[in-house]
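Please examine the protein below with regard to confidence, overall dimensions and strand pairing.

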Amino acid sequence: MDGGSARGPINQGQVIFVASSALFERGDVMRKARKYQVGVLEDLAHSERISNCREIMELKMALRAVELSSPEFVLLDGSLEALIKRDNWVTPFGARYREQSVRRFLDKLLSGISEAGIKLTEDFAPVTLNPEYGKVIDAIVEDSYRSEFGESPRRDEFMRARVFLERCEMIHSLHELLSKSRNLVAIAKRSSSHTYFESEIPDIEVVRRFFGTMEGFLRPKEIELNSPSYYGIDARYPLTLTYARLERGANPLRVEVVGHHDEGSLARIMGSLACSSIRGYPYHLRIVHEMAKVKWREMVYLMRNLRVIDWVTGREFLGE
């Protein structure tokens, strides 16, 4: 499973975006699937919102695949730990706001979504970015904020609440996937994590510099995956972490396997990955990467057909 996204300006305050997710399954039968989401967002925090959309679509694609079949492994591009830890830096509500009143506001938001019958883990595309639910969600934000703070939310606070709900949809989709499938393997080509060695240099760089070029993997280390409590989920999942080279001379990969795995169990998984890898990278992930990519020329084609290609940059005064 992998995802992609691209965006382009409509005007000085809005962007149009395309997010995608792709699935490639090779077993008794070969199956390919793609899903696209097109939308328009205000310029404020649009990069984070597009990332949320892409991640939601990746997780929901994996969730639907698990529900339809029982694959030996479900390969995800990226890091499960990073999906959770990124919350400390990018979530407008939650990690940055500790006040009890804000926590109560977040609880009311989630209660309102539940009472409205909006299921965050359904479908393939994000429900929190679906125009069909837009007015309902806006009303929930307005009512929850007014109930807690006695006034209507400012425009920026309104946007923060929407981003929180989008992030919440991603976390709930991840929880649903983890609860239904324990054979998940997340593989990251790049990583800034220091979890394994706890050194100043990122783990993946330590492996690249000091662990030779032979194929193999490091002794597994167990960590725990749990989401912040303000998303309304109280669950913890064991995660087995290692770094591996699937081919001699290839770049190292960060590998996370859900559950408890000793070296023997991990060796079987690494062997299976190595047998279907190209230049040290799993073949399945390479295929879905190409399927999910959204190229700039495709964005230009879309904007031309929607007649939004003649945007104004605001720098025309400077001849630029």
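The questions and answers below treat these topics in turn.

This is a predicted model, in which local features need pLDDT of at least 70 and side-chain atom pairs count only at pLDDT 80 or more, while totals for chains, interfaces and linings use all residues. Residues are numbered from 1 along each chain as its sequence is written, and side-chain values use heavy atoms, with hydrogens and water left out.

Q: Which element of the protein has the highest mean pLDDT?
A: The pLDDT is the predictor's confidence in each residue, from 0 to 100, and the protein averages 88. Elements are DSSP runs numbered from the N terminus: helices (H or I, at least four residues) and strands (E, at least two). Helix α3 (residues 87–90) has the lowest mean, 62, and the highest, 96, belongs to strand β9 (residues 253–258).

Q: Why is the protein described as being as compact as a globular protein of its length?
A: The protein has ten helices and eleven strands. The globule rule (2.2 Å times the number of residues to the power 0.38) is compared with a radius of gyration taken over C-alpha atoms. For 320 residues the rule gives 20 Å, so the protein is as compact as a globular protein of that length, its radius of gyration being close to this at 21 Å.

Q: Which residue is the bridge partner of T240 in β9?
A: Two strands pair if DSSP finds at least two bridges between them. Four bridges join strand β5 (residues 184–188) to β9 in an antiparallel arrangement, with A186 opposite E256. Strand β8 (residues 236–245) pairs with β9 in the antiparallel sense over six bridges. In β9, the partner of T240 is V257.

Q: How many bridges join β2 to strand β3?
A: Strand β2 (residues 14–26) has ten of its 13 residues buried. Eight bridges join β2 to the antiparallel strand β1 (residues 2–9), and a hairpin connects β1 to β2 through four residues. With β3 (residues 30–42), β2 forms a hairpin with three residues between them, and E25 stands opposite R31. These antiparallel strands, β2 and β3, are joined by 13 bridges.

Note on methods. Buried means under 20% relative accessible area, exposed over 50%, partly exposed in between (1.4 Å probe, protein chains only).
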